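Here is a short note on one pair of helices and the loop between them. Please read it with the model open.

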Amino acid sequence: MSAEPNGTDAPRALLALYDDALPVVYGYFVRRCGDRGTAEDLTSETFLAAMDAARKSAPPPLSVPWLLGVARHKLADHYRRRHDRFSVPVAEVPEREESDHWDAELDRIVAESVLARLTEQHRTVLALRYMDDCTVPECAELIGRTVYATEALLVRARRAFRAHYPEGRKS
């Protein structure tokens, strides 16, 4: 659902969009934070920022993809504010199953487990690049680095990911 409201209708349009957008935005954060409390806080921050934008004289076109863009910025801000190591609770790396229908799920679990062991910077840049499909320049903007520094960070992050990835699962 998308709306092209004027300055006075935008807050109402955002409220109309809220029921459809809330589970999408919250789900975005839950998958990336691993902590429901943080996901709830970031979801609130996202909708507060959206309401501030909707109250402007020339509000942006309100839609779920636009809200996810706001959410992406809120997540990047959250990562920048963090001083402690962030850990994602995930299951232990499972043994490889023989059945092909479990391969995709096992690969996801293994990848989450590996990501949880990486540094915050590596986890952030890999999530932005490969989970959120951001370009390298978009990643650079979101994490406050130059494009070249971000490319170098991605190289180190991929190397760290491969180093932690179980031998039998490397393709």
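**Notes on a helix pair**

1. Helix α5 (residues 120-131) packs against helix α6 (residues 136-143) at an angle of about 140 degrees, and their axes are 9 Å apart. That makes α5 oblique to α6. Axes are lines fitted to C-alpha atoms over the stretch in contact, with angles from 0 to 180 degrees between N-to-C directions. Helices are DSSP runs of H or I, at least four residues, numbered from the N terminus.

2. This is a predicted model: local features need pLDDT of at least 70, side-chain atom pairs count only at pLDDT 80 or more, and totals for chains, interfaces and linings use all residues. Residues are numbered from 1 along each chain as its sequence is written, and side-chain values use heavy atoms, without hydrogens and water.

3. The α5 and α6 crossing is right-handed. On the α5 side, Thr124, Val125, Leu128 and Arg129 make the contact (heavy atoms within 4.5 Å). From α6 come Val136, Cys139, Leu142 and Ile143. The contact residues divide into six nonpolar, one polar and one charged.

4. Which residues of α5 are buried? They are Glu120, His122, Arg123, Thr124, Val125, Leu126, Ala127 and Leu128. Buried means under 20% relative accessible area, exposed over 50%, with a 1.4 Å probe and protein chains only.

5. Check Asp133, in the loop between α5 and α6. Asp133 has a positive phi of about 55 degrees, yet is not a glycine. Most residues other than glycine have a negative phi. Asp133 counts as exposed, because its relative accessibility is 60%.

Definitions and conventions: Helix = DSSP H or I, 4+ residues; strand = E, 2+ residues; numbered from the N terminus. Parallel < 35°, antiparallel > 145°, perpendicular 65-115°, else oblique. Left-handed = near helix turned anticlockwise from the far one by under 90°. Nonpolar A, V, L, I, M, F, W, Y, C, P; charged D, E, K, R; others polar.
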